[in-house]
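Subject: Structure handover

Hello,

Please find the structure below. My notes on it follow.

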Amino acid sequence: MTVNGGVSFWYREIGLPARRPPLERSVTADVCIVGAGYTGLWTAYYLKKADPGLDVVVLERKFAGYGASGRNGGWLTAALAGSPRRFAKTHGREGVYALQRAMNATVDEVIAVARAEGIDADIVKSGILRVAHAPSHLPRLVAGVRTARSWGDDDLELLDAARTTARIRVDGALGASFSPNCARVQPAKLVQGLARVVEELGVRIYESTPVTEIVPHEARTPYGTVRAKFVLRATEGFTAGLGGERRTWLPMNSSLIVTEPLPQRVWDEIGWEGRELLGDMSHAYIYAQRTADDRIAIGGRGVPYRFGSRTDDDGRTHATTVRALHDALARLFPAVRDAAVEHAWCGVLGVPRDWCSTASLDPRTGLGWAGGYVGHGVATTNLAGRTLRDLVLGADTELTRLPWVGRKVRKWEPEPLRWIGVRGMYAAYRAADRAEIVEGRSTTSPIAKVADMVARRH
């Protein structure tokens, strides 16, 4: 029987953590961080490493790693969390090149810190494959590689069908792109290990402590207020739940399933010996990994957005989404068609109106934030932590000059406009995929043109 919800399979594997005590009274600190996911914990880590004397407090509504940090697909990828063209409007092409170099280095930084701090998160730097498995995918694949290279992603390589199937035998594979700048991780192991290390450095983490409002130099909770020179918001997909932030970032829902461990005869048919991360060129694309215990975890958007920026706390996923992900897996790998789905879950990621991440600090109010990672947060959160460190310490560095720092974006439209827009966009994506894969039609179909137009806009 499929387990549905319960936060994620990653926590089912290691067990839910014991809760740290909540805040019991008002306290003061040098820095208060709201949110104990990757962003908040990396920021706390780098602040304490830079200045051990800093008093840092982290407030968390549930437990450290409860949100996307403990539910994601485990892609530690150097892909930019945003549009190169939009970043270039303020910082030029050189700014985008610098951001891409910083992201490439971030993948290795996370791996190095995990190794140095004794965090065993099943990390394998295997790279990432994006496979074209329908005729209409191939032009998008080639164009995407050409565009990425033009923005400084020089390590990206185009593979033909033979070189693709030598790595992984996706049914109908016509080619793929490959980047070495990606690693597989077990997300919950990484975030729980990071929380342990941060606490050992002297950071106070208060769990079961919801923050109801953030104002200059204060984070307010039902149990007391934390007053600090700097208050940093690191709430990503849950940002809409804070007072005054409902339209700041849209909480986009993403769902995953994981199979039972697959026998060796199946792996002999699939290949995938390098354990690369796997994506495809569909409009409503999938993301997958081969886990340390030889399962396949595969994810996609499912029901992408709930009216009024609502979020589902326990990760329960709709049955139609589970079936759709299983069908997608079976199309990629017919040998897995009869494999049992052992767990399904979902989580939310933060999406700004221009689909570009940001890290910012207002020295006047002491308020800072980072997020809006549009699904590329596992690595970008580490860059955010180092960037917020430099901003808090008042340092002018290469990181603080990157084009995502200090971005100002207009808010999302009020309801029902944002619900109609997001649901309509993903309906167009899915219709285009049906036309291309199921019906065998080309990207010249009107629906596909609509989906591509929407994709370019974002």
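Is Arg389 buried or exposed? With a relative accessible area of 18%, Arg389 is buried (buried means under 20% relative accessible area, exposed over 50%, partly exposed in between, with a 1.4 Å probe and protein chains only).

Before the rest, two remarks on how to read this. The model is predicted, so local features need pLDDT of at least 70 and side-chain atom pairs count only at pLDDT 80 or more, while totals for chains, interfaces and linings use all residues. Residues are numbered from 1 along each chain as its sequence is written, and side-chain values use heavy atoms, with hydrogens and water left out.

Arg389 sits in helix α9, residues 377-392 (helices are DSSP runs of H or I with at least four residues, strands are runs of E with at least two, and both are numbered from the N terminus). Leaving aside residues up to four places away in sequence, Arg389 touches Tyr46, Leu47, Ala50 and Leu399; contact means heavy atoms within 4.5 Å.

Helix α2 covers residues 38-50. Its 13 residues should span 18 Å at 1.5 Å a residue, and the end C-alpha atoms are 18 Å apart, which agrees (the expected span is 1.5 Å times one less than the number of residues). Of the 13 residues of α2, 11 are buried, so the helix is largely enclosed by the rest of the structure. Among the buried ones are Tyr46 and Leu47.

Salt bridges

The whole structure contains 22 salt bridges (a side-chain nitrogen of Lys or Arg within 4 Å of a carboxyl oxygen of Asp or Glu). Some of them are set out here.

- Glu276 and Arg167 form a salt bridge at 2.8 Å, N to O. The pair links distant parts of the chain, 109 residues apart: Glu276 is in the loop between α7 (264-270) and β14 (277-280), and Arg167 is in helix α5 (residues 161-167). Glu276 is buried at 3% relative accessibility, whereas Arg167 is partly exposed at 30%.
- Glu218 pairs with Arg220, with the closest N and O atoms 3.0 Å apart. Glu218 is buried at 17% relative accessibility; Arg220 is partly exposed at 31%.
- Asp354 meets Arg407 in a salt bridge of 2.3 Å, N to O. This pair also links distant parts of the chain, 53 residues apart, with Asp354 in the loop between β17 (341-351) and β18 (358-362) and Arg407 in the loop between α9 and α10 (417-438). Both Asp354 and Arg407 are buried.

Regards
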